[in-house]
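Hi there,

Here is the structure I promised to pass on.

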Amino acid sequence: MDENLSRGYVQLGKARGMNEFKFSNGFTHLSPPVDKCNFIYMALILGGIGFLLPYNSFIIAVDYFQARYPGTTVIFDMSVVYIIMAFFAVFANNILVETLSLNTRITFGYLVSFVTLNFVVICEIWWELFGVATSYTINLVAVAIVSLGCTVQQSSFYGYTSMLPSRYTQAVMTGESFAGFWVSINRIITKSLLNDERGNTSMFFILSNMTILLCFVLHQVVRKTDFVQFYITLCQERNRITLEPTEDVGLMDPLDQVGDPSKGQYGVLKIQTSPLGTESASGSADLNAAGQYSAFSFSNPVYEPSAPSGNPPGSAGPTYKVEDVVVMRGAYGTQSTSTPWSGIKRGLLARLEVAKLIFPYMVSIGAAYFITLCLYPGIVSEIISCKFESWMPVILMTAFNASDLLGKVFALIPYEWKRTQLLYFSSARIILIPLFFLCAIPRGAPILSGEGYPLLFSWLLGLTNGIVGSIPMIQAPSKVPEEHRELAGNIMTLSYTTGLTIGSLLAYMMDACLGPPVQIKDVCSNMAKVQAGQTSTTVFANVTASILTTAVSSTLPIVEKTTAISKPKTTDVLTTMLMSTLLSNSTASLLNDRGLSDVSTTALPKILANVTSASNAILQH
């Protein structure tokens, strides 16, 4: 779209000597304004941060909520409540998209997030006005309210950026990753500064709220810029051409000039009008009672290449000298007076047609977020480390968010992904599910123990999520006509929300396979006791080994002297042999630790050798 439009602007400027076009709302730019210093791009990154930051704030504070509600699946519950509420909110937004304005829906999301997080940090975390059970319910309700506002806001943002060049959709998705990364860094800093859980969690939520306020202010500034207004107006009015009788309009499509010079000649666009301009009784918006076209109707303009410019005598209406006029009408019908049911039907048909065009992208992004939500944040938060303790889930989530941000950056690489490549890539990520499962089962003693494996898998999960979770959203709007790009953005949001919902529900089943919930303190204390017992046993064995080593070494010369008698008596030899055998058996039973290996390989063979010598003496006797 953008490349062809740019060529058109250059040709139009040459043809007219004036780069000017007047939209119905008074916007007079035709050349696209420049995004100076990438201000719009950076502001949309902050916009992406704003609508995912509330959810990430609840999830990243996993250490606080697990300590406040021990033995519960609080993170699973928050995730499922948020995703299910988001699923229905996307449906609501697809209805509101033609009822409420874009700015109203986005402002609603910011307002809901700001008020809800303020309530949580003041009444729930700092003052602790409610009991544990009531508090648990209130937090889930707060997550549901935030989900409603943020999802309407998020879906509207994607419809909003779908009308801008594609790099600005990528900016919003980068902002989503920055939201997770920012709250992770925020949590690490606040948790490091204050040891008190209530204090550092309150500070954490206050910083999140300040970020939301900043995002709201920037959105209000950006939406009024010429850059944003130009592209929104271009998409909204691309089927509407407003010509004034005094205008010498020069519109052309430079691609049509190739191979057909005749199209470059000037002609006249005659607009037939009725003196009365009234509509017919049949309800047609195009024809009046006399069968003529109503004022400024472009449903069937009369194009006469040989007609003179101006308003010839006897003409039905004014004529305009134009170079070429291309009127592209929507494939889903034109605006007319109709019943509410016909409007709903027309909207459903439009969504069905758009879904057919972007179906592979819908499947790709749905599968990507389905696999991600199977593991994050639920299973990731259940991985236990006695080395990092309550820091472990925070560290793993930070690794995921940092690599997810890196994946969004990789998505900027100019490469046109094929639809099959996206589908295969999204599906191949399913291998991460059993790998994470091995890091968490059984609880307390996982098959893949240690901190290295979970960190590696979290990094891979985030990196692939950043790539395959953004490219379909970026490419899909370019596959539909410009006037339906906002609709395509809403449908893509519905697709990945469906994947989120199914994935979060499957995460519950996976958590049930892990067994009953355990607390990190209990697991780590039990492991500490076992290790302490092993340490005391090792110390005792080392002391015993030292004593036995000294005793054996001191008695070894006596044993050698006794067994070296040239003509021993049978009774003395048997006594020596029995005592040596007893000593060797006792030593062999006690010296089984690694610290006693030197004794068993030095003193004992000498004793046995002397016993053998004594046995030979008996046989000779």
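This is a predicted model: local features need pLDDT of at least 70, side-chain atom pairs count only at pLDDT 80 or more; totals for chains, interfaces and linings use all residues.

Residues are numbered from 1 along each chain as its sequence is written, and side-chain values use heavy atoms, with hydrogens and water left out.

**The protein overall**

The secondary structure comes to 20 helices and three strands (DSSP runs numbered from the N terminus: H or I of at least four residues for helices, E of at least two for strands). Of the 621 residues, 46% are buried (under 20% relative accessible area, with a 1.4 Å probe and protein chains only). The accessible surface is about 29,900 Å², and carbon and sulfur atoms hold 65% of that (Shrake-Rupley method, 1.4 Å probe). Among contacts with a separation of 6 or more, 81% join residues 24 or more positions apart; contact here means heavy atoms within 4.5 Å.

**Helix α2 and its partners**

Helix α2 (residues 39-60) packs against helix α8 (residues 197-222) at an angle of about 150 degrees, with the axes 9 Å apart. Axes are lines fitted to C-alpha atoms, for helices over the stretch in contact, and angles run from 0 to 180 degrees between N-to-C directions. The pair is therefore roughly antiparallel (over 145 degrees). The contact includes Phe39, Leu46 and Phe58 of α2 and Phe204, Ile212 and Val222 of α8. By class, 16 of its residues are nonpolar, four are polar and none is charged (nonpolar: Ala, Val, Leu, Ile, Met, Phe, Trp, Tyr, Cys and Pro; charged: Asp, Glu, Lys and Arg; polar: the others, Gly among them).

Helix α12 (residues 391-410) also packs with α2 at about 150 degrees, with axes 11 Å apart, so α2 and α12 are roughly antiparallel too. Asn56, Ile59 and Ile60 of α2 meet Val394, Met397 and Asn401 of α12. That contact has four nonpolar residues, two polar and no charged.

**Asp511**

Asp511 sits in helix α17 (residues 485-514). Is Asp511 buried or exposed? Asp511 counts as buried because its relative accessibility is 6%. Leaving aside residues up to four places away in sequence, Asp511 touches Thr73, Phe76, Ile379, Glu382 and Arg443.

Best wishes

Notes. Angles under 35 degrees count as roughly parallel, over 145 as roughly antiparallel, 65 to 115 as roughly perpendicular and the rest as oblique. Buried means under 20% relative accessible area, exposed over 50%, partly exposed in between (1.4 Å probe, protein chains only).
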